[in-house]
Amino acid sequence: MNKHLDSLHPYPFEKLNGLVADVTPPEGKKPISLALGEPTHRTPTFLIDAYCDPEMIANGFGTYPPTKGLLELREAIANFVTTRFNLSRAIDAGTEVLPVNGTREALFAIAQVLINGSGLTFIPNPFYQIYEGAAILAGSTTRFIPCDEANNFNPDFSEITKAEWEACSLVYLCTPGNPSGSIMSIEDLQYVIRKSDEYKFAIVSDECYSEIYSKNPPPGLLEAASAMGRHDYKNCIAFNSLSKRSNLPGLRSGYACGDSEILEKFLLYRTYHGSAMPIQNQRLSALAWEEEQHTIENRSLYAEKYEAFLKIVNPVWPMQQPDAGFYLWPKTPIRDEEFTLQLLAQTNVKVVPGSYLAREVNGVNPGANRVRLAMVPELEKCVEAAQRIKHFLEHLR
Ligand SMILES: Cc1ncc(COP(=O)(O)O)c(C=O)c1O
């Protein structure tokens with residue numbers, strides 16, 4: 001057995017299921033989950049129609065797909081990234097893009113390429129748990145970077161020692177952040193890029209919430225690199241996904257884009273790992289990356305839900321819509337686990353305790369006494385959840 005398997009933590013939802021196993025929610029109140037970050041807006045009709053083409057499916061089923069991806073998909077991604085992130089040198093579809101089967105598998109797999117069986121991996125805290133498992137299984141040691149309110153929930157690298165920078169082989173960033181929805185600025189991203197030159201490590205930026213924003217499109221890692229005249233995107237790989245952008249979590253489709261030397265090795269790894277995307281999924285993904293109108297509509301659905309939810313909840317539980325993403329990350333008036341339990345027991349609304357999404361470092365868990373609420377159910381359910389939560393808070397002792 002791989003000895004590192006023993007170091008993996010249970011997934012947050014596994015812990016949540018354990019926590020609430022004995023709770024009997026009130027009868028007559030239908031369950032509403034704000035726990036899982038699974039988009040539920042309807043997949044755009046033009047994509048469903050396109051997928052109903054028997055010829056495309058027959059062709060896809062009858063072919064081993066290329067791991068590198070079809071040119072039409074790589075070009076669609078390259079155009080999206082170049083335009084969306086204002087790149088002054090267009091992404092090369094031949095060498096700087098790889099399709100992935102959702103960012104989850106790819107964020108995991110890239111660590112197996114970039115880590116040499118030891119060293120440190122920097123991970124924002126709180127964080128998407130895949131980064132941690134990827135680093136552990138690749139044989140490196142995790143170094144959590146606090147993302148506290150004092151730093152607008154962005155990673156604060158100020159306490160990292162020279163020895164830690166020297167030992168670092170991979171830095172994970174998540175911008176917009178899960179769970180906070182905060183956005184790293186171009187300057188913050190450039191700080192990490194400059195460190196990568198000084199200390200020779202790779203940066204993996206998970207940008208899968210980049211298209212769910214409230215006002216301005218969040219910048220990305222490649223945009224920050226481009227703005228400093230770094231046209232080879234050295235050390236920089238951005239990951240993005242159609243799951244949130246296009247409401248296609250079941251398609252399993254995303255990209256890795258950036259440093260061609262890293263991507264060449266990543267392609268080699270993926271060839272052995274056997275992670276080619278089925279042809280029909282590649283064709284559909286190309287159509288999705290080429291179309292923007294549906295993402296505008298998607299954002300307006302989230303805006304509508306945030307507005308309705310906050311209007312009801314804010315008088316008793318003040319919180320703000322984040323700059324991006326589809327979560328809320330408020331403080332709880334009682335311990336986060338206790339809050340989650342009582343809320344479920346009294347209202348049948350499920351949320352995630354913040355401490356499950358973070359690790360305790362030096363006696364502090366940055367997720368403690370917060371909960372994550374995902375604005376993913378349809379508007380009526382979000383409104384219903386808000387009303388139940390308001391009533392719950394008004395009666396909370
Ligand atoms: C921060 C973050 N990264 C990556 C993912 C994975 O998304 P997918 O594999 O659907 O692209 C998620 C999913 O919830 C996420 O929250």
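## Contacts and overall dimensions

Two residues are taken to be in contact if their C-beta atoms, placed from the backbone, lie within 7 Å. In this predicted model, helix 11 (residues 260–273) lies across strand 2, strand 6, strand 7 and strand 8, and runs at about 35° to strand 2. Among the contacts in the chain with a separation of 6 or more, 75% come from residues 24 or more positions apart.

The chain contains 15 helices and 12 strands, and its C-alpha atoms fill a box of roughly 60 × 55 × 45 Å along the principal axes. Its radius of gyration is 21 Å, which agrees with the value near 21 Å that a compact globule of 397 residues would have. Of these 397 residues, 48% count as buried.

Seven strands make up an open sheet with mixed pairing, in the order 2-8-7-6-5-3-4. Its edges are formed by strand 2 (97–100) and strand 4 (141–146), each of which pairs on one side only. On average, and with direction ignored, neighbouring strands of this sheet are turned by 20° against each other.

Within the sheet, strand 3 (residues 120–125) pairs in the parallel sense with strand 5 (residues 168–174), over three bridges, and Leu-120 stands opposite Cys-168 in strand 5. Helix 5 (residues 103–114) packs on the sheet, where it touches strand 2, strand 3, strand 5, strand 6 (202–206), strand 7 (236–241) and strand 8 (254–258); the direction of helix 5 makes about 160° with that of strand 7.

## Surroundings of the ligand

There are 13 residues around the ligand, of which Gly-102, Thr-103, Arg-104, Ser-241 and Ser-243 come nearest. Sorted by class, the shell around the ligand comprises four nonpolar, seven polar and two charged residues.

## Cis peptide bonds and positive phi angles

The loop between strand 5 and helix 8 (186–199) holds Pro-176, which is joined to Thr-175 by a cis peptide bond with omega of about -5°. Pro-179 is likewise found in the loop between strand 5 and helix 8, and a cis peptide bond, with omega of about 20°, joins Asn-178 to Pro-179.

Lys-200, in the loop between helix 8 and strand 6, has a phi near 60°, a positive value in a residue other than glycine. This lysine counts as exposed because 12 other C-beta atoms lie within 10 Å of its own, and a residue with 12 or fewer is placed in that class. Asn-369, in the loop between strand 11 (352–353) and strand 12 (371–374), also has a positive phi near 60°. With 19 other C-beta atoms within 10 Å, Asn-369 is partly exposed, because a residue needs 20 or more to be called buried.

## Phe-392 in helix 15

Phe-392 belongs to helix 15 (residues 379–394) and counts as partly exposed, with 18 C-beta neighbours inside 10 Å. When residues up to four places away in sequence are not counted, Phe-392 touches Leu-343, Gln-346 and Thr-347. Between Phe-392 and Glu-360 there is a separation of 32 residues in sequence, and their C-alpha atoms are 29 Å apart in space.

Terms used:
Residues are numbered from 1 along each chain as its sequence is written. This is a predicted model: local features need pLDDT of at least 70, side-chain atom pairs count only at pLDDT 80 or more; totals for chains, interfaces and linings use all residues. Two strands pair if DSSP finds at least two bridges between them. Helices (H or I, at least four residues) and strands (E, at least two) are DSSP runs, numbered from the N terminus. Axes are lines fitted to C-alpha atoms, for helices over the stretch in contact, and angles run from 0 to 180 degrees between N-to-C directions. A residue is near a molecule or strand if its C-beta atom, placed from the backbone, lies within 6 Å of it. Ala, Val, Leu, Ile, Met, Phe, Trp, Tyr, Cys and Pro count as nonpolar, Asp, Glu, Lys and Arg as charged, and the others, Gly among them, as polar. The radius of gyration is taken over C-alpha atoms; the globule rule is 2.2 Å times the number of residues to the power 0.38.
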